Amino acid sequence: MEPIITVRNLQKSFGAHKVLTDINVDIHSREVVVVIGPSGSGKSTFLRCLNLLEQPQEGEIIIEGVSLLSKDTKINDIRRDVGMVFQQFNLFPHKKVIENIMLAPVQVRKWPEEQARRKALELLQKVGLSEKAEAYPASLSGGQAQRVAIARALAMEPKIMLFDEPTSALDPEMVGEVLAVMKDLAREGMTMVVVTHEMGFAREVGDRVIFMEQGQIVEEGRPEQLFGSPSHERTREFLSKVL
Amino acid sequence: MDFRFDIIVHYLPVLLKGTLFTIGVSIVSIIFGSILGLGLGLGKMAPKAYLRWPFHSYINFFRGTPLYVQILIVHFGLIPPIYGKTNALITAFVALSLNSAAYSAEIFRAGIQSIDPGQREAALSLGMTKGQAMRFIILPQAIKRMVPAFGNEFIVLVKDSSLLALVAAPEIMYWSNTMKGQYLRIWEPYLTAAVIYFILTYSLSKLLNYIERRV
């Protein structure tokens with residue numbers, strides 16, 4: 001089967017600093033890929049290249065058969081189908097929770113208000129926050145905010161979800177509620193790319209784990225293989241520090 | 001020292017008209033200045049240096065030269081070739097709007113850049129265009145932060161409009177000067193003008209405090 005995401009020879013530098021070197025990945029539909037690695041390893045940059053929040057210098061990214069870096073590609077059209085969840089939630093503070101979720105379906109997908117509202121309420125129920133529909137983001141806990149952010153991304157009915165360290169800014173007691181929502185999503189068959197430090201999540205939910213260091217993919221494999229018997233010294237070293 | 005209230009009373013009707021002129025020209029200039037300023041501010045944030053350059057130059061020119069000089073250039077240089085002759089009213093609106101635009105541009109730029117880049121990224125990641133992200137996400141938040149700066153700009157504009165007396169625009173200072181010329185008195189015309197400006201700017205700052213609390 002054709003992969004839903006194909007990345008070939010991806011190169012990215014910030015000035016003289018090389019952040020990504022020759023990244024090659026295939027991700028299939030319904031697959032949950034977890035990217036781990038030390039900070040500064042380029043894993044977030046890699047993820048942000050997948051919806052072009054970062055512009056790579058070289059290489060190719062193909063999502064559902066469309067080349068992102070081709071001149072004819074309208075990146076907005078791709079981004080509709082690729083949801084993203086950020087470390088800092090990035091909810092819109094001037095809008096109520098329900099408006100945060102409805103905005104993109106109404107403005108981008110041109111759904112009627114009613115349809116968008118129904119979808120938003122349905123998603124709020126799914127993430128367990130129905131009672132917060134009329135609240136403003138400032139009144140939410142970190143865990144609640146991140147669940148709203150997930151609902152906001154899902155409202156666009158994306159085919160792929162990107163998670164950029166979704167639990168790193170949370171108090172420890174709130175990590176669980178966010179991971180639970182992500183596990184549900186994985187179970188429903190969402191294609192997910194998750195950058196995280198949650199090794200438990202990687203092991204339990206990941207179909208594949210990618211270990212990155214210094215802008216390169218050092219090793220990838222099934223979680224039990226990568227965690228159980230990593231084949232590279234650098235992977236072993238990293239895992240011994242975090243596990 | 002005798003203080004002749006009678007000449008103030010005599011001039012009160014025209015001073016009142018002058019006050020309305022000052023208020024009118026300030027309001028129109030802050031509105032046109034803001035609209036033009038938004039364009040200039042966005043232009044100054046353009047990704048390429050050669051695109052930023054014209055906006056940069058405009059802002060530098062209008063912030064770096066005295067309004068006094070700008071009024072003279074507009075009045076005697078800019079307006080006659082377009083309008084056919086000089087016109088104090090047109091000069092008033094054009095000079096103050098162009099000047100205010102330069103300051104508004106910086107207010108917009110600073111306000112927009114004060115918004116966390118994550119807000120823009122979240123909007124773009126949902127498929128919004130840059131324009132939609134600006135309109136629905138960045139500007140509504142940025143404008144709240146700009147209110148105090150715009151208030152200051154408005155107050156400065158009211159006071160600076162006094163320079164328009166230079167080209168005989170019928171505002172407060174123009175009538176005060178006339179009053180001084182007619183009666184050869186110093187304190188009555190200028191103190192009256194000062195009091196009127198103070199009442200204007202003080203009420204304005206009170207109003208702005210109220211607006212700031214509301215938004």
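**View 1. A:Thr73 in the loop between β5 (66-67) and α2 of chain A.** Helices and strands here are DSSP runs numbered from the N terminus (helices H or I, at least four residues; strands E, at least two). The model is predicted: local features need pLDDT of at least 70, side-chain atom pairs count only at pLDDT 80 or more, and totals for chains, interfaces and linings use all residues. Residues are numbered from 1 along each chain as its sequence is written, chains are lettered from A and ligands numbered from 1 in the order in which they are written, and side-chain values use heavy atoms, with hydrogens and water left out. A:Thr73 counts as buried because its relative accessibility is 19% (buried, under 20% relative accessible area; exposed, over 50%; partly exposed, in between; 1.4 Å probe, protein chains only). A polar atom of the A:Thr73 side chain lies 2.6 Å from the backbone oxygen of A:Ser67. Beyond its neighbours within four places in sequence, A:Thr73 is in contact (heavy atoms within 4.5 Å) with A:Val66, A:Ser67, A:Leu68 and A:Ile78.

**View 2. The salt bridge of A:Arg80 and A:Asp77.** The N to O distance is 3.8 Å (a salt bridge is a side-chain nitrogen of Lys or Arg within 4 Å of a carboxyl oxygen of Asp or Glu). The two residues are 3 residues apart in helix α2 of chain A, so about one helical turn separates them. A:Arg80 is partly exposed, at 27% relative accessible area, and A:Asp77 is partly exposed, at 37%.

**View 3. The salt bridge of A:Arg208 and A:Glu31.** Their side chains meet at 2.9 Å, N to O. The pair links distant parts of the chain, 177 residues apart: A:Arg208 is in strand β9 (residues 208-213) of chain A, and A:Glu31 is in the loop between β2 (17-27) and β3 (32-36). Both A:Arg208 and A:Glu31 are buried.

View 4. A network of salt bridges links A:Lys12, A:Arg48, A:Glu54 and B:Glu121. Chain A gives 23 residues to the contact and chain B gives 17 residues.

**View 5. Helix α8 (residues 187-214) of chain B.** The helix has 28 residues and reaches 40 Å from its first C-alpha to its last, close to the 40 Å expected at 1.5 Å a residue (the expected span is 1.5 Å times one less than the number of residues). Its buried residues, including B:Ile196, B:Tyr197 and B:Leu200, pack against α1 (5-44), α6 (130-160) and α7 (172-183) of chain B.

Terms used. A polar contact is a pair of N or O atoms within 3.5 Å; within protein, one must be able to donate a hydrogen and the other to accept it, and residues adjacent in sequence count only if both atoms are side-chain atoms.
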